[in-house]
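Thank you for making time this morning. Please have the sequence and the model open side by side while I talk, and I will take the topics one after another.

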Amino acid sequence: SSGINAEYGGICEVFPADFVYLAPEPTAEALTRGIMETIERIDKGDVMSGWEMHKRVKEMYSWVDVTRRTEQVYKECLKPKKPLESRLELQWMRAPVAGVLFYICYSISYLVFVITSWLQPEETIEIVHSRYHDGTLEKGKPNCLGRR
């Protein structure tokens, strides 16, 4: 058993080199060459059997490890977010050029928000009520296309 894939998208970080053929570029010609080379290797008996591959995968990955890593991701997602000011400061310190540009973009966006909030306070914005009740259009009222 063998897989054919382009050398993009992280496959080479997930599977060992002898599990897949990595085409040098994501083109039909390169993938076709990969398929032909793999067929030749299968004919020569130069690839491991599906059972052998299964045993190796079973040794490389465990549900306990997958569960542990998944749990770490969820814990990271559940952590409280830092205040915006400290995130901006951290960005500024980590990437002097990009951080400054990010800080400037944020400042301009915030300034536009403050000005538009002053020009059109939230209390003065009319709320649009839905014409739908219980998921159906009221009888006799036009829909979005102006049809009744």
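Before I point at anything, let me say how the elements are assigned: helices (H or I, at least four residues) and strands (E, at least two) are DSSP runs, and they are numbered from the N terminus. With that in hand, look at helix α6, where Tyr 106 and Tyr 110 both sit, four residues apart, which is about one turn of the helix.

A word on where the numbers come from. What you see is a predicted model, in which local features need pLDDT of at least 70 and side-chain atom pairs count only at pLDDT 80 or more, whereas totals for chains, interfaces and linings use all residues. Residues are numbered from 1 along each chain as its sequence is written, and side-chain values use heavy atoms, with hydrogens and water left out.

Now the overall picture. The protein chain has six helices and four strands, and if you follow the elements from the N terminus, the order is β-α-β-α-α-α-α-α-β-β. Taking contact to mean heavy atoms within 4.5 Å, we find that, among contacts in the protein chain with a separation of 6 or more, 31% are between residues 24 or more positions apart. For exposure, I call a residue buried under 20% relative accessible area, exposed over 50%, and partly exposed in between, with a 1.4 Å probe and protein chains only. By that rule, 9% of the 148 residues of the protein chain count as buried. The accessible areas themselves come from the Shrake-Rupley method with a 1.4 Å probe, and for residues only the protein chains shown count as cover; the protein chain exposes about 12800 Å², with carbon and sulfur atoms supplying 62% of that area.

Rings of Phe, Tyr and Trp (its six-membered ring) are paired if their centres lie within 6.5 Å, and planes under 30 degrees apart count as stacked, over 60 as edge-to-face, and the rest as tilted. How many aromatic pairs does the structure hold? There are two aromatic pairs. In one of them, the rings of Tyr 106 and Tyr 110 have centres 6.1 Å apart and planes at 20 degrees, so this pair is stacked. Tyr 106 is partly exposed, at 28% relative accessible area, and Tyr 110 is partly exposed as well, at 46%. Tyr 110 also pairs with Phe 113, and here the arrangement is tilted, with 6.2 Å from centre to centre and 40 degrees between the planes. Tyr 110 and Phe 113 are three residues apart in helix α6, again about one turn of the helix, and Phe 113 counts as exposed because its relative accessibility is 51%. Through these ring pairs, Tyr 106, Tyr 110 and Phe 113 are linked into a cluster.

Next, the charged side chains. A salt bridge here is a side-chain nitrogen of Lys or Arg within 4 Å of a carboxyl oxygen of Asp or Glu, and a search of the whole structure finds five of them. One joins the side chains of Arg 41 and Asp 46, at 3.9 Å from N to O; Arg 41 is partly exposed at 26% relative accessible area, and Asp 46 is partly exposed at 48%.

Please move on to helix α4, residues 63–78, where Asp 65 and Arg 68 lie three residues apart, about one turn of the helix. Their side chains meet in a salt bridge of 2.4 Å, N to O, with Asp 65 partly exposed at 24% and Arg 68 partly exposed at 42%. Helix α4 also contains Lys 75 and Glu 71, four residues apart, and their salt bridge has an N to O distance of 3.9 Å. Which of these two counts as exposed, and which as partly exposed? Lys 75 is exposed, at 53% relative accessible area, while Glu 71 is partly exposed, at 41%. Salt bridges with shared partners also join Asp 65, Arg 68 and Arg 69 into one network.

Finally, the cysteines. With a disulfide taken as a pair of cysteine sulfur atoms within 2.5 Å, the structure holds zero disulfides. Cys 77 counts as exposed at 54% relative accessibility, and Cys 105 as partly exposed at 49%.
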